[in-house]
Amino acid sequence: MLSKSQKLLLAQLVRDNKSVVLAPFSSTVTKKVKQEAWESILRQLNGVGANVDNIKTLRDVIWANIRRGTIKKVSDSKKTGAGGSELTELDDTVLDILGRESANLEPVKVEDTPIVFESEEVVCTTPETAGEII
């Protein structure tokens with residue numbers, strides 16, 4: 001478990017290395033290059049007292065949870081329109097990485113469509129309106 005300051009450091013390191021660690025593979029961004037960047041981030045984090053065993057845990061669990069937490073906080077805030085929880089420095093750093101207008105942060109918009117029920121004829125049976133169709 002990372003402390004708040006270690007989580008913030010992780011987010012800052014990911015932001016600083018975004019062009020490698022989050023970029024799609026290409027002729028310059030290879031698996032090896034990404035691996036080396038994540039290893040560097042891991043070393044720096046462990047250098048300040050974090051105790052993360054491997055890159056996979058760092059990338060796929062810890063970073064993914066931080067990212068998901070910020071997305072959820074922003075999404076919940078937008079759904080309710082009430083502003084929700086106040087964003088922390090960690091959230092701001094994650095938003096710098098993801099982009100503040102990212103599709104990940106927007107609730108899914110669905111067009112309103114009218115609901116049409118099958119029409120049904122109702123025949124009145126009271127003496128005053130007997131036989132009328134409403």
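This is a predicted model: local features need pLDDT of at least 70, side-chain atom pairs count only at pLDDT 80 or more; totals for chains, interfaces and linings use all residues.
Residues are numbered from 1 along each chain as its sequence is written, and side-chain values use heavy atoms, with hydrogens and water left out.

Followed along the sequence, the protein has the pattern α-α-α-α-α. Of its 134 residues, 29% count as buried, a word that here means under 20% relative accessible area, with exposed meaning over 50% and partly exposed lying in between (1.4 Å probe, protein chains only). The accessible surface comes to about 9,500 Å², of which 53% belongs to carbon and sulfur atoms; such areas come from the Shrake-Rupley method with a 1.4 Å probe, and for residues only the protein chains shown count as cover. Among contacts between residues at least 6 apart in sequence, 52% join residues at least 24 apart, a contact being heavy atoms within 4.5 Å.

Next, select helix H3 (residues 31-47) together with helix H4 (residues 55-80). Their axes come within 9 Å and cross at roughly 80°, so H3 is roughly perpendicular to H4. The axes are lines fitted to C-alpha atoms, for helices over the stretch in contact, and angles run from 0 to 180 degrees between N-to-C directions. Angles under 35 degrees count as roughly parallel, over 145 as roughly antiparallel, 65 to 115 as roughly perpendicular and the rest as oblique.

Which residues of H3 and H4 meet? On the H3 side they are Gln35, Trp38, Glu39, Ile41, Leu42 and Leu45, and on the H4 side Ile55, Leu58, Arg59 and Trp63. The residues of this contact divide into seven nonpolar, one polar and two charged, where Ala, Val, Leu, Ile, Met, Phe, Trp, Tyr, Cys and Pro count as nonpolar, Asp, Glu, Lys and Arg as charged, and the others, Gly among them, as polar.

A salt bridge is a side-chain nitrogen of Lys or Arg within 4 Å of a carboxyl oxygen of Asp or Glu, and the structure holds seven of them. Asp60 pairs with Arg59, with the closest N and O atoms 2.7 Å apart, and also with Lys56, where the corresponding distance is 3.2 Å. Because Asp60 and Lys56 are four residues apart in helix H4, they are separated by about one helical turn. Asp60 is partly exposed at 33% relative accessible area, as is Arg59 at 31%, whereas Lys56 is exposed at 53%.

Now select Arg15 and Asp16, which form another salt bridge, the closest N and O atoms being 3.5 Å apart. Arg15 is partly exposed, at 32%, and Asp16 is exposed, at 53%.

Finally, select helix H5 (residues 89-98), which is largely enclosed by the rest of the structure because seven of its 10 residues are buried. These are Leu90, Asp91, Thr93, Val94, Leu95, Ile97 and Leu98, and what covers them includes helix H1 (4-16), helix H2 (18-21) and H4. Just after H5, stop at Gly99, which takes a positive phi of about 95°.

Methods. Helices (H or I, at least four residues) and strands (E, at least two) are DSSP runs, numbered from the N terminus.
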